[in-house]
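Biologist: I have just opened this model and would like to learn how to read it. Could you walk me through it?

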Amino acid sequence: MDPMLEELYQQHRRATEMLTALRAAVRRLAQEGAGGPGLLGELSACRETLQTEVASHFQEEEAALFVVLGRRIGAEGGPIAVMLEEHRELRQAQAEYVAGLAAVDAGPGEAGPEALTAAAERILQLLPPHIEKEEAVLFPMADELLDEGEWAEAHRLWREAQAVAAGASA
Ligand SMILES: [Fe+2]
């Protein structure tokens, strides 16, 4: 399998680990409230992964794999259009998570945990089936359809997207 595709699978595994931590943190938030020991730290660690690894994963997929594969299978409809729409919904939920956590972090008397919980539940609802669809449909399609030249182009675009992501987080 192409090394870029392997790396995308790896990134999904790390996102799935973050989801496990997020699920546990949301459960604790419901039981203990935002004052639970270490809980804000756990929620912040999830935010960090969402804002860095998950955000650049989406960006890299969109800038490289989806572009090259899109030329073969079309990007206007079908699986790529569905993945792009799900990325849009997930970015929205992630932005709401960041805002909800900032509000809770500002302390009691500010916001309750409702918006944060709703955003986290949306991420927990959207991201696992999104990952499953990419792994069951899109990635095997890329593995089967793309030739050497197309993979070379995907790699070039991928490195460019990584450089942009590195510049943005520096
Ligand atoms: Fe993905």
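Modeller: Let us go from the overall fold to one pair of helices. Keep in mind that this is a predicted model.

Biologist: Happy to. How many helices and strands does the protein chain have?

Modeller: There are five helices and zero strands, so the pattern along the sequence is simply α-α-α-α-α. The C-alpha atoms fill a box of roughly 55 × 30 × 25 Å along the principal axes. Buried residues make up 24% of the 170 residues.

Biologist: What span does α1 reach from its first C-alpha to its last?

Modeller: α1 has 30 residues and reaches 43 Å, close to the 44 Å expected at 1.5 Å a residue. After α1 comes Gly-33, with a positive phi near 75°.

Biologist: How are α1 and α2 oriented to each other?

Modeller: Look at the angle between their axes. The axes of α1 (residues 3-32) and α2 (residues 39-73) cross at roughly 150° and come within 9 Å. Angles over 145 degrees count as roughly antiparallel, and therefore α1 and α2 are roughly antiparallel to each other. The crossing is left-handed.

Biologist: Which residues make that contact?

Modeller: Among them are Leu-8, Ala-15, Leu-22 and Leu-29 of α1, and Leu-43, Cys-46 and Val-54 of α2. The contact residues divide into twelve nonpolar, three polar and six charged.

Biologist: Which residues of α1 are buried?

Modeller: A helix has 3.6 residues a turn, so residues three or four places apart point the same way. In α1, the buried residues are Leu-8, His-12, Leu-22, Ala-25, Val-26 and Leu-29. Their cover includes α2 and α4 (114-145).

Notes
Residues numbered from 1 in each chain as written. Predicted model: local features only at pLDDT ≥ 70, side-chain atom pairs only at ≥ 80, totals over all residues. Axes fitted to C-alpha atoms, helices over the stretch in contact; angles between N-to-C directions. Helix = DSSP H or I, 4+ residues; strand = E, 2+ residues; numbered from the N terminus. Parallel < 35°, antiparallel > 145°, perpendicular 65-115°, else oblique. Left-handed = near helix turned anticlockwise from the far one by under 90°. Contact = placed C-beta atoms within 7 Å. Nonpolar A, V, L, I, M, F, W, Y, C, P; charged D, E, K, R; others polar. Expected span 1.5 Å × (residues − 1). Buried ≥ 20, exposed ≤ 12 C-beta atoms within 10 Å, placed from the backbone.
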